[in-house]
Amino acid sequence: MPIQTTPKIWHNGKLIPWEQANIHVMSHVVHYGSSVFEGIRCYGQPQGSAIFRLPEHMQRLLDSAKIYRIVVPYTLDELCAAVVDTVEANGVAPCYIRPIVLRGYGEIGVSPKGSPIEVYIANFRWGKYVAGTGGADVCVSSWTRLAPNTMPTLAKAGANYMNSQLIHMEAEVNGYSEGIALDVAGQVSEGSGENIFLVRNGVIYTPLLGNSALSGITRDSVITIARHLGYTVSEQPIPREMLYIADEVFFTGSAAEVSPIRSIDRIVIGDGKPGPITKKIADEFFGIASGLKADRFGWLTPVKVNATEAPKA
Ligand SMILES: Cc1ncc(COP(=O)(O)O)c(C=O)c1O
């Protein structure tokens, strides 16, 4: 879907026109993938709108930058305030927010020394991410996720998404809506842009972060919600075949939200419909995000923008 542009993008402390937020083709990031970024949703509320887990996302951005020795010249509070300013200046909600820190135009050698750090924040409308009504039909990818000691998966870095593109494109050309990657040891890792959960005999399982998975903010939200609802959640290595015999499987992510999976490699999961535990967790997640249920975990940052879509019940 083409990006639905908004009037302004935040760049290094100033709101500039969308069409002026350009970089030079010789910027370090273009050649070497040297960026770290975030993806955040802002949800419509009965009154106004609210950004979901803003400080946690911006802290992860700073953590990703730290792993790559990128010194971000803004504090966590300044970055959070910049996101709120951008969303309020554009007046678009619900929306998806994309902060990015990149190494800009300066040096062309692999060493990033001498390339300036540029910070941008954009927001725009973005709908459902994982295709499939009533559940997605997905596959296990022939591409594995990044091996330890190659690219750090706790950093949400632009370069990691070359691997995600391989996983996603392979799934798409074979008629699936998404691919699930295994880690280098053959255990379940995550989707190309989502964490994964499965349910078996009433217990919820998700891979460890050590299985080359991103430390998803939605993953954390779902674990918190599930435990609050009284479920046992086990973070553990998951063999591939456990996916096929699960009662329920679902993806989580800021873009993907809570997305049920209907089949994996054409093997139907459970009875092929979103399962009761997935539904309970999704209801709680969307209820909190859209302001219809109490923000009991303190996850919402209100913004002064009237939403143009009614919150989902
Ligand atoms: C590879 C990958 N894993 C997991 C996730 C889910 O993370 P979050 O819930 O923080 O969006 C994402 C999305 O950001 C992702 O790109």
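Colleague: Which elements each supply at least two residues of the shell around the ligand?

Modeller: They are α2 (54–67), α5 (217–228) and β14 (248–253). Helices (H or I, at least four residues) and strands (E, at least two) are DSSP runs, numbered from the N terminus. This is a predicted model, in which local features need pLDDT of at least 70 and side-chain atom pairs count only at pLDDT 80 or more, while totals for chains, interfaces and linings use all residues. Residues are numbered from 1 along each chain as its sequence is written, and side-chain values use heavy atoms, with hydrogens and water left out.

Colleague: Which residues come nearest to the ligand?

Modeller: Lys 156, Tyr 161, Glu 190, Ile 217 and Thr 218 come nearest, out of 17 residues around the ligand. A residue is near a molecule if one of its heavy atoms lies within 4 Å of it.

Colleague: How is the shell around the ligand divided by class?

Modeller: It has three nonpolar, nine polar and five charged residues. Here Ala, Val, Leu, Ile, Met, Phe, Trp, Tyr, Cys and Pro count as nonpolar, Asp, Glu, Lys and Arg as charged, and the others, Gly among them, as polar.

Colleague: What makes a pair of N or O atoms a polar contact?

Modeller: The two atoms must be within 3.5 Å; within protein, one must be able to donate a hydrogen and the other to accept it, and residues adjacent in sequence count only if both atoms are side-chain atoms.

Colleague: How do you know whether Glu 178 is buried or exposed?

Modeller: Its relative accessibility is 1%, so Glu 178 is buried. This residue is found in strand β9 (residues 178–182). The side chain of Glu 178 makes polar contacts with the side chains of His 168 at 2.9 Å and Ser 192 at 2.8 Å.

Colleague: What makes β1 and β7 a pair?

Modeller: Two strands pair if DSSP finds at least two bridges between them. β1 and β7 have two, in the antiparallel sense, so they pair. Trp 10 stands opposite Ile 121 in β7. Strand β6 (residues 95–103) is joined to β7 by eight bridges and runs antiparallel to it, with Arg 98 opposite Ala 122. In strand β7 (residues 117–124), seven of eight residues are buried.

Colleague: Why is strand β4 largely enclosed by the rest of the structure?

Modeller: Five of the five residues of strand β4 (residues 40–44) are buried, so the rest of the structure largely encloses it. In a regular strand the side chains alternate between the two faces of the sheet. Ile 40, Cys 42 and Gly 44 lie on one side of β4 and Arg 41 and Tyr 43 on the other, all buried.

Colleague: Which residue in β6 is the bridge partner of Ile 40?

Modeller: Ile 97 is that partner, and three bridges join β4 to β6 in antiparallel fashion. β4 also pairs with strand β5 (residues 49–52) over three antiparallel bridges. There Ser 49 is the bridge partner of Gly 44. β4 and β5 form a hairpin with four residues between them, and Gly 48 in the turn has a positive phi of about 70°.

Conventions:
Buried < 20%, exposed > 50% of the residue type's maximum accessible area, 1.4 Å probe, protein only.
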